[in-house]
Amino acid sequence: MATRPKAAAPAAPAAPAAATDRGDAHVADTHDLIRVQGARENNLKDVSLDLPKRRLTAFTGVSGSGKSSLVFATIAAESRRMINETYSTFLQGFMPSLSRPDVDLLDGLTTAIIVGQERMGANPRSTVGTVTDANAMLRMLFSRLGDPHVGSPNAYSFNVPTVSGGGAFTVQRGDKTIAQKATYHQLGGMCPRCEGRGSVSDFDLTALYDEDLSLNEGALTIPGYSMDGWYGRIYPGSGFFDPDKPIKKFTKRQLHDLLYKEPTKIKVEGINLTYEGLIPKISKSMLSKDVEALQPHIRAFVERAITFTTCPECDGTRLTAEARSSKIDGVSIADACAMQISDLAEWVRGLEEPSVAPLLVGLQHLLDSFVEIGLGYLSLERPSGTLSGGESQRVKMIRHLGSSLTDVTYVFDEPTIGLHPHDIQRMNELLLRLRDKGNTVLVVEHKPEAIAIADHVVDLGPGAGTAGGEIVFEGTVDGLRASGTLTGRHLDDRARLKDEVRTSTEALEIRGADENNLQDVDVDLPLGVLVVVTGVAGSGKSSLIHGSVAKREGVVAIDQGAIKGSRRSNPATYTGLLEPIRKAFAKANGVKPALFSANSEGACPTCNGAGVIYTELGFMDTVTTVCEECQGKRFQAAVLDYTLGGKDISEVLAMSVDEATAFFEAGESRVPAAHKILRRLSDVGLGYLSLGQPLTTLSGGERQRLKLATRMAEKGGIYILDEPTTGLHLADVEQLLALLDRLVDSGTSVIVIEHHQAVMAHADWIIDLGPGAGHDGGTVVFEGTPADLVADRSTLTGQHLAAYVGA
């Protein structure tokens, strides 16, 4: 184990003639380890280990082996909890309550800064500039130097509306009451037409309703707007129109009330309700969120029914005319936010104004950090919800690059996600720089190039889920190679180029693609084969495929968006597997399917189907206890008397995917619909997951594959996969390649946006974008077979792939 050399303590005048004369280390310098004993979070099995401080430690192992449980749910979580406990109980009441991890001892912890891979906020007003405070600095800069001067920093903010008001008020002075008048005016930078969003929406009414039907006949085609629930009370009881009349026979007034009526109080069956027209209601419930963050079926409806066009008043800048008129050296704040950040950094460097020197230094450092971390191709106006997982994580890293803090524990979750092999070297240098400043760096990683720089490696396994949760190796990278563990055996794996590639007879044409940084790209995507689209981060891969292919008919696009789910969600509910299982139980026992749902009629009344009972203790830890009534099974006792194939519903949900696949395949428990879904889960390598395991306990890689298995059920001739190797262990990549081969062999065209060289080597056709990022990219620099790319070596991808396959 690598440990810090012990330095001799300086002699103190008042110190007794003891340790210092013998050259022994000061006792304060002996705390060089983070000690973990008896960690049992999620699937960890009494894990104990010592981690060296001020070193870079990589945590490896297959997806679901317990890496995140150890690093995030144990070490980082306890550090944050203990820091929160230093605040007063009054302040703790306003902070999230963090429970103590299930661990016997944690010693030697330092302050943990977590840089995770969660996508950034889905608020449509959130941009790269707002989340990094670059916009705040620019607003201050323009409020001081902008010509003409239009007001305070708020006058340049697209999140602040212009507000005016006035009125009379009274002031008591002695025994007199004096009436005074006052007016109030605050100039904001928000464009009034689009309310600071940069785009305005227009509704396709034919997608909202079927005009040939009446409301009672189900005319509304909006997700969730069924007449069976609350809407069935509100619309017929409103009295504004006849719910039995076809919509095409509505008068202008009735149609206006259906679509546009402002919130109005009504009384239906003695209950006070609020009626609101469809369009304002949809705008509040669906358009107030980023489209990327909506549930898939709602997102599909929004993309079908609503067209977003650039706001004609602000031209998409989100700002008022006054804010856009104020300029510094001919550049407005809208122009500055639209620039590529690398260009904006050069512009700021050319400004010389002593009165705002500290502001210029801070802004310059922030923008230079973007460039240094490989995000110079972004612009500050880019919506944060459109960033990939890797881009989001690197944006979060920016605020830590110039930090003066030392002896801090930085925790990273796969920082190389979304990075081309060319960019991984730069990321490695940043991680090493953080370490060299005297910090402890903990990295959960799968990429061999990132594991190679570690001072210390902890490999978890041997398998995933219940088969993992143990430390199978701890030591150096060279020791890992020789260890014989799954990671050690695959660490030096190198895929070889295929001897023969599939050929295509037809192609999907893309002509004149110019979205984002694409420069009028014309390219043909071969169909019926495995196509890999690659290039450095920011070269235009996603813009090309998602912008020109994903929205075509017959295309199933599986992006990087994380799946969301509460503790009540599990693989069975998320994939739709529970539905055929409940129906099979109901049919076999002659009862209602709702009885076999822990979120419906079958739920244990004591814990409401949660399986556990939470006791809130204010600022203290929340106590979680297993429900005594159902013993954590989540169902009423009467429901567990009903069986299918000799198993009750709780026993079925406790099965692994592999066990359930065999159970539902034949005999009296045969359920073909369930078996089909389970086969897809096995195909993506999730055979070890239990059907009822809460989604909150799944790792990032497991969630990615669960989403892949679910979306594979959709009918389509073309599949688009956006970085499917995210969160996958080296050994799992082989299984993914086999799955892609099966898809292609079944007649499906597969297009993969990917940086992993093993996937590139396995492709039938490669399209390489570049040569650089941002305005230095956006062109096709190579298209052909992997063998041709390796032989050509004219692109960065070609050079790295040639080195990878040993050509």
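This is a predicted model: local features need pLDDT of at least 70, side-chain atom pairs count only at pLDDT 80 or more; totals for chains, interfaces and linings use all residues.

Phe 90 counts as exposed because its relative accessibility is 59%, and exposed here means over 50%.

For a contrast, look at Met 190, in the loop between strand S7 (176-186) and strand S8 (199-203). With a relative accessible area of 12%, Met 190 is buried.

Next comes a place where empty space is left. Rolling a probe the size of a water molecule over the atoms shows where such space lies. The second largest pocket contains about 500 Å³ of space. It is lined by 29 residues, and the closest to its centre are Asp 493, Arg 494, His 756, Ala 758 and Tyr 804. Which helices supply at least two residues each to this lining? They are H14 (421-436), H15 (448-451), H25 (730-745), H26 (757-762) and H28 (796-805). Sorted by class, the lining has 14 nonpolar, nine charged and six polar residues.

Now turn to the charged side chains. Side chains of opposite charge can pair when their charged atoms come close. The structure holds 32 salt bridges. One of them joins Arg 40 to Asp 104, with the closest N and O atoms 2.9 Å apart. Arg 40 lies in the loop between strand S1 (33-39) and strand S2 (47-52), and Asp 104 in the loop between H2 and strand S4 (105-107), so this pair ties together parts that are 64 residues apart in sequence. Arg 40 counts as partly exposed, at 28% relative accessibility.

Another salt bridge brings Lys 45 and Glu 470 together, and here the closest N and O atoms are 3.8 Å apart. This pair links distant parts of the chain, 425 residues apart: Lys 45 is in the loop between S1 and S2, while Glu 470 is in strand S17 (residues 470-475). Lys 45 is partly exposed, at 38% relative accessible area, and Glu 470 is partly exposed too, at 35%.

Arg 435 and Asp 436 form a salt bridge as well, their closest N and O atoms being 2.9 Å apart. Elsewhere, salt bridges that share partners join Lys 498, Arg 502, Asp 741, Asp 745 and Asp 764 into one network.

Finally, follow the backbone itself. Most residues other than glycine have a negative phi, and most peptide bonds are trans. The bond from Asp 147 to Pro 148 is cis, with omega near 0 degrees, and Pro 148 lies in the loop between helix H4 (134-145) and strand S6 (163-173). The bond from Gly 461 to Pro 462 is also cis, with Pro 462 in the loop between strand S16 (456-461) and S17. Glu 195 has a positive phi, near 55 degrees. Asp 315 has a positive phi near 60 degrees; this residue lies in the loop between strand S11 (306-310) and helix H9 (321-325) and is exposed, at 62% relative accessible area.

How values were computed. Residues are numbered from 1 along each chain as its sequence is written. Side-chain values use heavy atoms; hydrogens and water are left out. On a 1 Å grid over the protein atoms alone, a cavity is a set of points where a 1.4 Å probe fits but cannot get out, and a pocket is an open set with protein on both sides within 12 Å along at least five of seven lines; lining residues have an atom within 4 Å of a point. Grid points are joined across faces, edges and corners, and a volume is the space filled by probe spheres set on the points. Helices (H or I, at least four residues) and strands (E, at least two) are DSSP runs, numbered from the N terminus. Ala, Val, Leu, Ile, Met, Phe, Trp, Tyr, Cys and Pro count as nonpolar, Asp, Glu, Lys and Arg as charged, and the others, Gly among them, as polar. Buried means under 20% relative accessible area, exposed over 50%, partly exposed in between (1.4 Å probe, protein chains only). A salt bridge is a side-chain nitrogen of Lys or Arg within 4 Å of a carboxyl oxygen of Asp or Glu.
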